[in-house]
Amino acid sequence: MSFAFRHQPLKGLYLTYQALIVLLCLPWWITRSLLRSGRPRQSWGIIRTLVLDFVRYYLFVGSQTGPLTRIPNHRQIEQDVGEYGVWVKAVPGLVKGELEAFAAAASVKSTTIPGYWIHKSGTNIKIASPPVPGEKVLYRLHGGGYTDLSAHPSDVTATVSYELPKFTGAIRRVFSIEYRLSSTEPFPVANPFPAALIDTLAGYNYLVHDVGFSPSDIIIIGDSAGGNLALALTRHLLEHKVDHMPAPPGALVLVSPWCDLSGSHETPGSTAVLFKNVDYLDAGDSAYELKAFLGPHGLEAAAKNKYISPSSKSLTIDFKGFPRTFITAGGAEMLLDEIKTLRARMTEDLGEGDGLGEGEGKVKYLEEPDAVHDYLIFWWHEPEKTRTLKEIGRWIDIA
C-alpha cells in the first residue's frame, strides 16, 4: 500500500527500521560498487553508483511515508528569502478555450501564488525591476511529478537557477513560480490538472505585464514535469491568442521532459523497461503522481490530451509555431524513448540544429550517454552536468 507508514508513531518506527537497513546494506553497496560488473553501468564510478543507491532508497522510503522533509507550498512566501519572494496575481481572464473547459471539469480556478527570484552572482538588480536592453530572463518550472518539490531557492531543482547564468551573458536573473502541487488519497484530493498550468500562465503574465519583459526575451526552462508544463504553456499561448494574452516565449529549454504520461512508450525492450535498475525513477510512486495530477480527467486524458502527453503514441500532434528549443536527456534514463519521440515530432515541424534562424535549425538535442533522469539537478553528476550547462548557455547567447 502506498504511504502505508504516513502516520506517527508508525512513521517514526518505520524510518528507524529503514535507517538500520541502510547501515546493513552499506557494506554490500560499497563492495558491489568496487567491481565494474556490480555497477548498474560499468562506465559509472564508485561515487555515482553509491549515490544512486541512496537516491533510490530515499525515494522508496518516501513512497511509504510521504514527504520526508517540509516542502514550501503555494500558500505562503517563505520568509528566509526576504524580498526575493513575490506574490503573483491570479489571471482568470487568461484561462481561455480548452484550458477553461479543463479547469471547469476539475473545479480548478486561478489563484494568487508565490514566485521567487534568483539573481546572478555579482549583479545589483532591484527585485522585479524592468529589463535592461538585450536582457533575457529565465522562467524556471520545477520538476517533481506535479506532486513534489518547489520553486523555492532552497529546493534541489534550484541548482539550475544558480548555475546556468554563470555560462550565459544574456541571463542576469531567474524567476520561478510556486505552482500548486497535486495530491490525492490517502492525502487530501487537491489541485489536479490544469491547476499547475494555470499558475504557470500567471507567472508568465507577471513577467510580461508586471515586470516588462518582452515574450521574445523569456526563456522557459523546465525539468521533468516542469518540461511538460513548459510545453503545455507554450501550446496554450500559441493556440489561444487574444488581445490581452502574452505571446509565446522566445525559447524553451527542456531538461528530461516528462512528455508521455499515457505509458505508450512502456513496452518490452523500451528504455522505460531496460533502465529500471539504472535510473532512480522507478523507486518512487508514479501511480500516485498520475492519479493525483489527472484527477477527475482520468487516465484516458493522459493518452488523448495534447497538453498532458505531447509525445504519446496515441496522439497525432504538431509543434508548428513553437519557439526554438533545446532538449537534453540522459542516455540512461527511463524516459529516453518518449523524449526521443518528442524530439522527432518537434524536429519534423521546426527543423534540427543549433536553434538559429526561423524554421530550420530550431531544435537542439543533447544526450549524455551515462546520465540519469534530470541529471542537471545533481551535484555529483559530473562532467555531464557542467558540460550540458555550458552548451545551453552557448545556445542562449547565440540567438
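This is a dialogue on how to read selected features of a predicted model.

Reader: Which conventions apply to the numbering and the confidence limits?

Author: Residues are numbered from 1 along each chain as its sequence is written, and side-chain values use heavy atoms, with hydrogens and water left out. The model is predicted: local features need pLDDT of at least 70, side-chain atom pairs count only at pLDDT 80 or more, and totals for chains, interfaces and linings use all residues.

Reader: How many helices and strands does the chain have?

Author: Helices (H or I, at least four residues) and strands (E, at least two) are DSSP runs, numbered from the N terminus. The chain has 11 helices and 8 strands. Its radius of gyration is 20 Å, close to the 21 Å that the globule rule gives for 399 residues, so the chain is as compact as a globular protein of that length. The radius is taken over C-alpha atoms, and the rule is 2.2 Å times the number of residues to the power 0.38. Along the principal axes, the C-alpha atoms fill a box of roughly 60 × 45 × 40 Å.

Reader: What share of the residues in the chain is buried?

Author: Buried means under 20% relative accessible area, exposed over 50%, and partly exposed in between (1.4 Å probe, protein chains only). Of the 399 residues in the chain, 57% are buried. The accessible surface of the chain comes to about 16600 Å², and carbon and sulfur atoms hold 57% of that surface. These areas come from the Shrake-Rupley method with a 1.4 Å probe; for residues, only the protein chains shown count as cover.

Reader: What share of the contacts joins residues at least 24 apart?

Author: Contact means heavy atoms within 4.5 Å. Among contacts between residues at least 6 apart in sequence, 77% join residues at least 24 apart.

Reader: Which faces of strand β3 are covered?

Author: In a regular strand the side chains alternate between the two faces of the sheet. In β3, K136, L138 and R140 lie on one side and V137, Y139 and L141 on the other, and all are buried.

Reader: In what sense does β3 pair with β4, and over how many bridges?

Author: Two strands pair if DSSP finds at least two bridges between them. β3 and β4 (residues 171-177) pair in the parallel sense over 4 bridges, with R140 opposite S176 in β4. β3 also pairs with β5 (residues 218-223), in the parallel sense over 5 bridges. There, G222 in β5 is the bridge partner of L141.

Reader: Which residues does I220 touch?

Author: I220 is found in strand β5 and is buried, with a relative accessible area of 0%. Leaving aside residues up to four places away in sequence, I220 touches Y139, L141, Y204, A230, L233, T234, P249, A251, L252 and V253. The C-alpha atoms of I220 and L252 are 4.9 Å apart, while the two residues are 32 apart in sequence.

Reader: Where do cis peptide bonds and positive phi values occur?

Author: Most residues other than glycine have a negative phi, and most peptide bonds are trans. Here the peptide bond from Q8 to P9 is cis, with omega near 5 degrees; P9 is in the segment before α1 (10-34). F193 and P194 are also joined by a cis peptide bond, with omega about 10 degrees. P194 lies in the loop between β4 and α5 (195-211).

That loop between β4 and α5 also holds N191, which has a positive phi of about 55 degrees although it is not a glycine. N191 is buried, with a relative accessible area of 16%. S224 has a positive phi of about 55 degrees and is not a glycine either. S224 is in the loop between β5 and α6 (225-239) and counts as buried at 10% relative accessibility.

Reader: Is H74 buried or exposed?

Author: At 15% relative accessibility, H74 counts as buried. H74 is in the loop between α2 (46-65) and β1 (85-88). Apart from residues up to four places away in sequence, H74 touches W87, T112, I113, P114, E178, R180 and N191.

Reader: Which residues does P186 touch?

Author: P186 lies in the loop between β4 and α5 and is partly exposed, at 33% relative accessibility. Not counting residues up to four places away in sequence, P186 touches S2, F3 and R6. P186 and F3 are 183 residues apart in sequence and 7.6 Å apart in space, C-alpha to C-alpha.
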